[in-house]
Amino acid sequence: MTDTERCPVDDLATDYDIFDPDYVRDPVPAWAELRDRCPIAHTERYGGSWMPTRYEDVQAMAKMVPELSSANPGPIVIDPPNEFRDQNRQGYNAAAPITADPPEQSWTRKALLPHFTPKAIAPERSYSEQLCNDLIDGFVDAGSCDGAVDYAQQIPPRVIASKLGVDQSRVDDFIGWVRGVLEFGLTDPELRLKNSDLIRNFFAEEVTARRANPRDDLITALCQTEVDGRALPDEVIIGMCNLQLVAGIDTTWSSIGSALWHFATHDDDRRRMADADDALWDTAIEELLRFYSPVTMARNAIETVEYGGITMEPGDKVLMNFPGANHDPEVFDDPDTLILDRQRNRHIAFGAGIHRCAGSNLARMEMEVSLRTWFSRIPEFTLGDPDAVTWAGGQVRGPRILPIVIG
Amino acid sequence: MKIRVDRVKCEGHSRCYALAPELVDVDDLGNAFELNDGIVPVGLEERAQLMVDNCPEYAVEIVEG
């Protein structure tokens, strides 16, 4: 739908629009209004969905498993038409464990988690430091850059490509495929499935190659993983690799980009981080994750669920509004102010319950390394043309064009 | 002071481990468990409280003190 076709939102409580340009730019006022007036709102747009805005409700609904399902048809807000649904495009084959309910969710998650613990992701730290320095070398002398395109967007695809063990020269393809799934493809299921197929075909070849010639990388490790004495099926491994790419790339680049946007437009905070110690970096990254939480997941009711005065019927979509929950004044003092040294920060930017982001340790490391490296090289910077800034939104929110003036 | 990590509630966010690696460690799946029977050495009480206040799953609690 183009902007000119978009109907104005008259009542957020019954007609919210997560793709509305004003909501994408700044969703905070909408959440505040809804939290007071109608804490679990509903819309008929995009096939219909429910959206909680209170922390307590989002926490509770994230734990309604499996009645609010991740598997059927999947955690994306707009479902593909029936004729496009097949076994590799939904359920645990699609992108386990994020597209699965227990028991498939449990065993696929157990296969993946050992590769993403704080200790397991340590090798990616030095890789990321070198990468961030190399990227900065590419634009620092020019005196300006696009913080989203030239920096934030370049980091997660390369880190995950390194971890998976796939060809770094394909990074531009990865970026295009992932945007085709989660950004442009979010409101265009056919485009999403086309890009999803490109990703699956790419990883199908990689899995075949690793089965024949094992290497020291994550795809090989997954090929060698056994669950209850049986090797993981290829389709499940392909789905897991799909997950790494789709869930691990534009989410993290959105967080890095939002952080750069924040510091480019908040001079006091920028100056403070230029001299920050480890403790301040720790709280600042958590606060940036809370304030600019990029990810909104979706669930599908598979039975009638009554909760908080509403009735979710089978087939209803529910948005896991983690970003909105993270601005709830019941849980966060002064929630709409970014407080770099916020000490109590029980945010759920990575979700809650059994679907907690499996890559959260990697994402946090990438945020820390990318921002600390940036500040060590570029402590002084401001926003270029503010009118040139664009944001993507819907289920992953972050800047996509971000002109930065260095110095 | 003593802390306890509820192994059922823990989902591996690792915030406690980031805030106080002297008090907790994480297992092969990234889920936290308390070190030294959860006993908090003198001087680390404040960080124990931070672990409690930053757990998204409400899985860390102070059980004594």
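Predicted model: local features only at pLDDT ≥ 70, side-chain atom pairs only at ≥ 80, totals over all residues.
Another cis peptide bond joins V65(A) and P66(A), where omega is about 5°. P66(A) also sits in a loop, this one between α4 (55-62) and β3 (68-69) of chain A.

While we are looking at backbone geometry, two residues with positive phi deserve a visit. Y46(A) is not a glycine, yet its phi is positive, at about 55°. You will find Y46(A) in the loop between β1 (40-43) and β2 (49-52) of chain A. Because Y46(A) has 17 C-beta neighbours inside 10 Å, it counts as partly exposed. D334(A) is likewise a residue other than glycine with a positive phi, here near 45°. Its place is in the loop between α17 (322-325) and α18 of chain A. With 9 other C-beta atoms within 10 Å, D334(A) is exposed.

Now let us step back and take in chain A as a whole. Its secondary structure comes to 18 helices and 14 strands. Along the principal axes, the C-alpha trace spans about 60 × 55 × 40 Å. Does the chain's radius of gyration agree with that of a compact globule, or disagree? For 407 residues such a globule would have a radius of gyration near 22 Å, and chain A has 21 Å, which agrees. Buried residues make up 53% of the 407 residues in the chain. The contacts can be described by sequence separation too: among those between residues at least 6 apart in sequence, 70% join residues at least 24 apart.

With that overview in hand, we can turn to the strands. In general, strands of a sheet pair through backbone hydrogen bonds, in either a parallel or an antiparallel arrangement. Chain A has an open sheet of 3 strands in the order β4-β14-β11, with antiparallel pairing. The edge strands, each pairing on one side only, are β4 (144-146) and β11 (381-383) of chain A. Neighbouring strands of this sheet are turned against each other by 30° on average, direction ignored. β11(A) and β14(A), the latter covering residues 403-406, pair in the antiparallel sense over 3 bridges. To locate this pairing on your screen, look for L383(A), whose bridge partner in β14(A) is I404(A). Helix α14(A) packs on the sheet and touches β11 and β14 of chain A. The direction of α14(A) makes about 95° with that of β11(A).

Strand β12 (residues 390-392) and strand β13 (residues 398-401) of chain A pair in the antiparallel sense over 3 bridges. In this pairing, A392(A) has G398(A) of β13(A) as its bridge partner. The two strands form a hairpin with 5 residues between them, and in the turn G394(A) has a positive phi of about 105°.

Which helix does α14(A) (residues 250-265) pack against? The partner is α18(A) (residues 360-377), at an angle of about 35° and with the axes 10 Å apart. The crossing of these helices is right-handed. On the α14(A) side, the contact is made by T251(A), T252(A), S255(A), I256(A) and A259(A). From α18(A) come A363(A), E366(A), M367(A), S370(A) and L371(A). By class, this contact has 5 nonpolar, 4 polar and 1 charged residues.

Finally, we move to where the chains meet. The contact takes 16 residues from chain B and 20 residues from chain A. On the side of chain B that touches chain A, the elements giving two or more residues are α1 (15-19) and α2 (45-53) of chain B. The residues on that side divide into 7 nonpolar, 5 polar and 4 charged.

R15(B) has its place in helix α1 of chain B. Is R15(B) buried or exposed? It counts as buried, because it has 27 C-beta neighbours inside 10 Å. Leaving aside residues up to four places away in sequence, R15(B) touches N54(B) and C55(B). The C-alpha atoms of R15(B) and V52(B) are separated by 9.6 Å, although these residues are 37 residues apart along the chain.

Technical notes
Residues numbered from 1 in each chain as written. Chains lettered and ligands numbered in written order. Helix = DSSP H or I, 4+ residues; strand = E, 2+ residues; numbered from the N terminus. Rg over C-alpha atoms; globule rule 2.2 N^0.38 Å. Buried ≥ 20, exposed ≤ 12 C-beta atoms within 10 Å, placed from the backbone. Contact = placed C-beta atoms within 7 Å. Axes fitted to C-alpha atoms, helices over the stretch in contact; angles between N-to-C directions. Left-handed = near helix turned anticlockwise from the far one by under 90°. Nonpolar A, V, L, I, M, F, W, Y, C, P; charged D, E, K, R; others polar. Pairing = 2+ DSSP bridges.
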